[in-house]
Amino acid sequence: MHNGIIENFHSLRQSLLADGVEFTSETDTEVVAHLVASAYADSGDLTRAMQDVVGTLEGAFTLLAVHADAPNTVVAARRNSPLVVGLGDGENFMGSDVAAFIGHTRKALELGQDQIVTITPDSCDVINFDGTPSEGKAYDVTWDAAAAEKDGYDTFMEKEIHDQPHAVRDTLLGRTDENGQLVLDEMSITEQDLRGISKIVIVACGTAAYAGMVAKYAIERWTRIPVEVELAHEFRYRDPVIDENTLVVSISQSGETADTLMAVRHAKELGARTLSICNTHGSTIPRESDAVLYTHAGPEIAVASTKAFVAQITASYILGLYLAQLRGGSFGRNAAEVLEELHGIPAKMSDLLGNLARVKEIAYFMADTRSVLFLGRHVGFPIAMEGALKLKELAYIHAEGFAAGELKHGPIALIEPGQPVFIVVPSPSAENGLHGKVVSNIQEIRARGAAHW
Ligand code: BG6
């Protein structure tokens, strides 16, 4: 089993081919399997074989190997890719996340980078890639086992969509003292250093990056600190303008996304302070960051992120309000009012989730749609892009998210009779007056015959 990418697999494959090895696929995974088989033929020891092979690999990977003659022994290795061991009674487990075994044991073993672990039902031995012994760090999983079950829903994703009010409520819990002041216990960057922050860069991938884009609007407004949002894989391969007064905030549900981890390391090398907004306790990104703000969404098992998204926005808002409070600007004084509004969100979410009949009806009519557009302005813009991402990832329907103001600069050409368009409409009471502008966009789109419900 292999998770990740072996970057030098082509040259390794060429030398195996030269040795007469026959391949049944084009994958990098098969290259590793042949390498492990060949190293095992030399030493007769699977752990040793794994150790010999990882030394030749470049990239980020988690590898698991089992010998057909000894199915009770599993050897695994990790480099910049997730792997956690579950320690049971007469049984041990491996997974990329504790959710994989939480139904069997609450004891887990955290592994460091570049380590190899060998498990049998009764033993668990860890070594470093260089062969020196290590112990790993045992910890108790605090997540409730029930959180990793479907609770009567057909899929984990459906359950997690319905978990959203809890995710927001739990992420807000315990953040204020008796005077209503925000206190972030996990924040190990000093208040003085946080006051000196002159720029914030948010790095993340996928849904987490859209949560960061939503957060940018709020954090800039509340703190007047400039905020950039960058996809982690773009950030790490350029030369960003970063110094010790830059706060690099990574957002990740899993805390293990390799590109985000590499971006955090890059930021540290450049001297920035790093803060992780993360849902998974003990995962690599918060461990390697200067500070962490945990979202309390509970395990997110479905691959496509749902409840983590709203929890990430909530945690980013808490961070923004905390910075505003520390810096004492006008919004610092209004933080309590904003927090109160945030506390009201879970109930609104529950109302919406309690009435999904209309959503199901629209989905039924759209089942054969080939392409969908999503439009939004202000925070509705990243929400539109997240909507498009979800539709692509889950329904395999082509979808694009646009800033509604961009409509006249090109995308309007795509609107033909029958084209479905979802529009995120700001509240009529929003101070920025954008409601009217989005309503005009709707009129333009309707005039072109777009489908509407
Ligand atoms: C992708 C998932 O693979 O990873 C997305 O499909 C997710 O849903 C993204 O947002 C980033 O993951 P994480 O764990 O860093 O938030």
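Predicted model: local features only at pLDDT ≥ 70, side-chain atom pairs only at ≥ 80, totals over all residues.
The side chain of S252 has an N or O atom 2.6 Å from an oxygen atom of the ligand. For S305 the atom concerned is a polar backbone atom, and the distance to an oxygen atom of the ligand is 3.1 Å. On its own the ligand has 390 Å² of accessible area, and I find that the protein covers 77% of this.

Which pocket holds the ligand? I found the ligand in the second largest pocket.

I then listed the residues around the ligand. Among them are C205, G206, T207 and A208. The surroundings also include Q253, S254 and T257, as well as V303 and A304. Sorting the shell by type, I got seven polar residues, four nonpolar and one charged. Which helix gives the largest share of the shell? I found helix α7, residues 206–223, with three residues.

Last entry: salt bridges. I read a total of 17 in the structure. I picked one of them, in which the side chains of K307 and D163 meet at 3.0 Å, N to O. K307 belongs to helix α11 (residues 307–327), while D163 is in the loop between α4 (156–162) and α5 (164–172). The two residues are 144 residues apart, and I note that the pair links distant parts of the chain. Why can such side chains pair? Side chains of opposite charge can do so when their charged atoms come close.

Key
Residues numbered from 1 in each chain as written. Heavy atoms only, no water. Near = heavy atom within 4 Å. Polar contact = N/O pair within 3.5 Å; in protein donor to acceptor, adjacent residues only side chain to side chain. Areas by Shrake-Rupley, 256 points an atom, 1.4 Å probe, with all protein chains shown as cover. 1 Å grid on protein atoms, 1.4 Å probe; cavity = no way out; pocket = protein on both sides within 12 Å on 5 of 7 lines; lining within 4 Å. Sits in = over half its atoms within 2 Å of the grid points. Helix = DSSP H or I, 4+ residues; strand = E, 2+ residues; numbered from the N terminus. Nonpolar A, V, L, I, M, F, W, Y, C, P; charged D, E, K, R; others polar. Salt bridge = Lys/Arg side-chain N within 4 Å of Asp/Glu carboxyl O.
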